[in-house]
Amino acid sequence: MITIKKYKYTVNAAVLALTMVMGNSCKKDLLTPSPTTSIIDSKAFDTPARILSQVNGLYSGVKSGQFYGGRYVIYNEIRGEEFIVNKPNGVTGLDTWNQNVNSNTNEVVNLWSAGYTAINRVNVFLVGLNANLSKVDAATANQYIGEAEFLRALSYFALVQTYAKPYVFDGGASPGLPLRLLAETDLTGAGKNDLARSTVAQVYTQILKDLDDAETKLPATQATATGATRAFKNTAIALKARVYLAQANYAKVLTETAKLISTTAPYQSPTGGSKLESSIVTVFNGSYTGAEGLLFLPFSTSDAPGTQNQLAYYFTSSPGNGEYYLNTAGIYANVALSGAASTDARKGFITKVGTVNYLTKYKTPSPFTDYVPVLRYSEVLLNAAEAYARTGDLANASALLNAVRHRSDPAFTFDPADIGSQANLISTILTERRIELLGEGFRLTDLFRTGQALPAKSGPQGSSPAVAVTASNYIWPISGVELQTNKLMQPNP
C-alpha cells in the first residue's frame with residue numbers, strides 16, 4: 001500500500017484523499033491532526049502484482065460514485081431538459097436540476113474533489129512507476145503509463161467542461177483549471193496548494209498531449225480478460241475525437257475517427273475490433289464488456305458506487321427510486337421513442353409507470369451495479385457524421401447517421417427534408433445523438449459545445465428556468481474549498 005503520514009492543515013479539495021492510489025490503500029482521516037512528512041512507500045511498486053493493483057486503483061478513482069461512476073453522468077443529464085424531477089431532494093441533485101448551485105453546494109465541492117483526487121492518483125502512480133520500471137517489462141510499463149495518461153485526460157476533460165466556459169465561446173481564452181501535474185503526497189501542501197488557473201485552451205492542450213501519448217502506448221486490442229473495462233488504443237482515439245468535437249475542430253475529428261471507422265459499410269474499426277453490436281439491447285445488459293464498448297466502468301456487489309450515486313437509482317422507478325422521469329417536451333417527444341408505430345429498439349429502454357415514463361437503460365437492482373458507459377462506438381460514428389456534415393460531406397454524414405439509426409430500426413427512412421441540406425442534416429444528427437446517448441451524460445456538454453442556452457423545464461414538483469449562455473450559472477462555480485485553500489485561485493467571472 002501507499003503510506004501517507006498525516007498532519008494538521010486546511011484540506012484542499014485538489015489534494016483531498018491525496019494518494020489513496022489503490023483500492024486497498026490505507027484509509028486515514030485527512031481532516032484530523034498528526035505528524036509531519038509523507039512518502040510514497042516503495043513497496044507499493046515492489047512486484048508486478050502490486051503495480052497492477054495500483055493501476056486498478058486509478059480506475060477506482062475515476063469510477064467514484066461522486067465522479068464518473070454516477071454523479072458526473074447524472075448532473076450532465078439533469079441540467080439539460082430531458083428529465084423532470086420527481087422526488088425533490090437536495091441529496092439527489094435538486095439544486096443541480098434547478099440550476100441553483102453555489103460554490104459550497106455539495107455537488108460542486110464533491111465533484112471537484114473527486115476529479116482532482118483521480119488526477120492526483122495518476123500523478124502519484126506515474127512517479128512511483130517511473131522509479132520502479134525494472135519491476136515490469138517495457139511493454140507492460142508503457143501500457144500502464146498509457147492508461148494513466150488516458151484517465152488523467154478523461155478527468156480533466158470532465159472538470160473543464162463543468163467548471164469553465166466552453167472552448168467554442170472564445171477559442172479557449174477563458175479561465176480554465178489549475179493544471180496539477182505533479183504528485184501531491186505532502187499533506188501540509190508545502191506551498192503546492194497555491195496554483196493559478198490555466199486557460200481553457202491550455203487545459204485542452206494538456207488533455208490532447210496525454211491522449212496522443214496514450215495512443216502510442218496502449219495495446220491495440222481489448223484484453224480478453226477485461227474487455228471494455230480497461231482502456232486500449234481505440235479508447236484514447238475515441239476520446240480525442242470527442243475533445244476535438246468540443247473544440248469544433250471538425251477536421252481533427254475526422255482525422256481521429258478515420259482510424260476507427262472503415263471507409264465502407266459495415267462500419268467498424270480496421271484495427272482493435274471496435275464495432276456496433278447488432279442489437280443495442282445487448283449493450284445495456286448491466287455488465288457489458290464487448291466490442292461496442294471503448295470504455296465501460298465496471299461495478300460489483302462488493303464494489304458499488306453507492307446507492308444515491310447510481311444511474312438506475314435515479315432514472316428507473318423499479319428497481320430504482322424514480323428520482324427523475326422523462327420530460328414529454330424533451331427528446332422523449334421524438335416519434336422514435338414515443339410514437340405508437342415506432343419499431344425503434346431504443347423505445348424498449350422506456351417504461352411507463354402511471355402517467356410518467358422512466359429510462360430503463362440501467363436496470364440492475366440494489367446495490368445498483370450497472371456498468372457505466374463512458375465511450376461507445378455509436379458515439380464515434382455520430383461524432384464523425386457530425387464532422388462530415390459540418391465540413392460539407394453530406395454523403396458520408398448520412399451514411400454514418402443511417403448506420404446508427406438502422407442498427408435500432410432497420411426499416412426506418414429519414415424524411416428527405418431532414419437530411420437534404422447541410423443545416424437540416426446537422427440538426428438531424430444532433431437529434432440522433434439525443435436518442436442514442438440518452439441518459440449517458442452527453443446532453444449538457446452538447447448544449448455547451450453548440451452554444452445553446454440551458455432550456456427551461458417544469459413538472460408537478462417544480463420548475464427550472466432557462467439559463468442564457470451569458471448567465472453566471474451557465475457553468476458551475478469553482479469549489480468553495482478550492483477558493484479557500486488555494487490563494488492563487490480565482491472564482492469564475
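This is a predicted model: local features need pLDDT of at least 70, side-chain atom pairs count only at pLDDT 80 or more; totals for chains, interfaces and linings use all residues.
**The largest cavity**

The whole structure holds eight cavities of 30 Å³ or more, and the largest has a volume of about 190 Å³. Select Gln161, Arg242, Gly441, Phe442 and Thr445, which are the closest to its centre among the 20 residues that line this cavity. Next, colour helix H2 (71–78), helix H5 (138–163), H8, S6, helix H13 (377–390) and helix H17 (443–449); each gives two or more residues to the lining of the largest cavity. What classes of residue make up this lining? There are nine nonpolar, five polar and six charged residues.

**The second largest cavity**

Now turn to the second largest cavity, with a volume of about 90 Å³. Select its lining: Val160, Gln161, Ala164, Lys165, Pro166, Tyr167, Val200, Tyr204, Ala246, Phe448 and Arg449. At least two of the lining residues come from each of H5, helix H7 (200–217) and H17. By class, the lining of the second largest cavity comprises eight nonpolar residues, one polar and two charged.

Select alanine 248, in the loop between helix H8 (233–246) and H9. Although alanine 248 is not a glycine, its phi is positive, near 60°. Is this residue buried, partly exposed or exposed? Alanine 248 counts as partly exposed, because its relative accessibility is 31%, which falls between the limits of 20% and 50%.

Continue to proline 266, located in the loop that runs between helix H9 (250–257) and helix H10 (280–283). Display the backbone here: the peptide bond from alanine 265 to proline 266 is cis, with omega near -5°.

**The loop between strands S5 and S6**

Move to proline 367, in the loop between strand S5 (356–359) and strand S6 (372–376). Serine 366 and proline 367 are joined by a cis peptide bond, with omega about 15°. Then select phenylalanine 368, also found in the loop between S5 and S6. Phenylalanine 368 has a positive phi of about 60°, despite not being a glycine. Its relative accessibility is 4%, so phenylalanine 368 counts as buried, the limit being under 20%.

**A patch on the surface**

Finish on the outside by selecting Val168, Phe169 and Val469. These residues form a nonpolar surface patch with about 180 Å² of accessible area together. Valine 168 belongs to helix H6 (residues 167–170) and is partly exposed, with a relative accessible area of 30%.

Definitions and conventions:
Residues are numbered from 1 along each chain as its sequence is written. Side-chain values use heavy atoms; hydrogens and water are left out. Patches are made of residues with over 30% relative accessible area and no salt bridge: like charges are joined within 9 Å, nonpolar side chains (Val, Leu, Ile, Met, Phe, Trp, Tyr) within 5 Å. Accessible areas come from the Shrake-Rupley method with a 1.4 Å probe; for residues, only the protein chains shown count as cover. A salt bridge is a side-chain nitrogen of Lys or Arg within 4 Å of a carboxyl oxygen of Asp or Glu. Helices (H or I, at least four residues) and strands (E, at least two) are DSSP runs, numbered from the N terminus. Buried means under 20% relative accessible area, exposed over 50%, partly exposed in between (1.4 Å probe, protein chains only). On a 1 Å grid over the protein atoms alone, a cavity is a set of points where a 1.4 Å probe fits but cannot get out, and a pocket is an open set with protein on both sides within 12 Å along at least five of seven lines; lining residues have an atom within 4 Å of a point. Grid points are joined across faces, edges and corners, and a volume is the space filled by probe spheres set on the points. Ala, Val, Leu, Ile, Met, Phe, Trp, Tyr, Cys and Pro count as nonpolar, Asp, Glu, Lys and Arg as charged, and the others, Gly among them, as polar.
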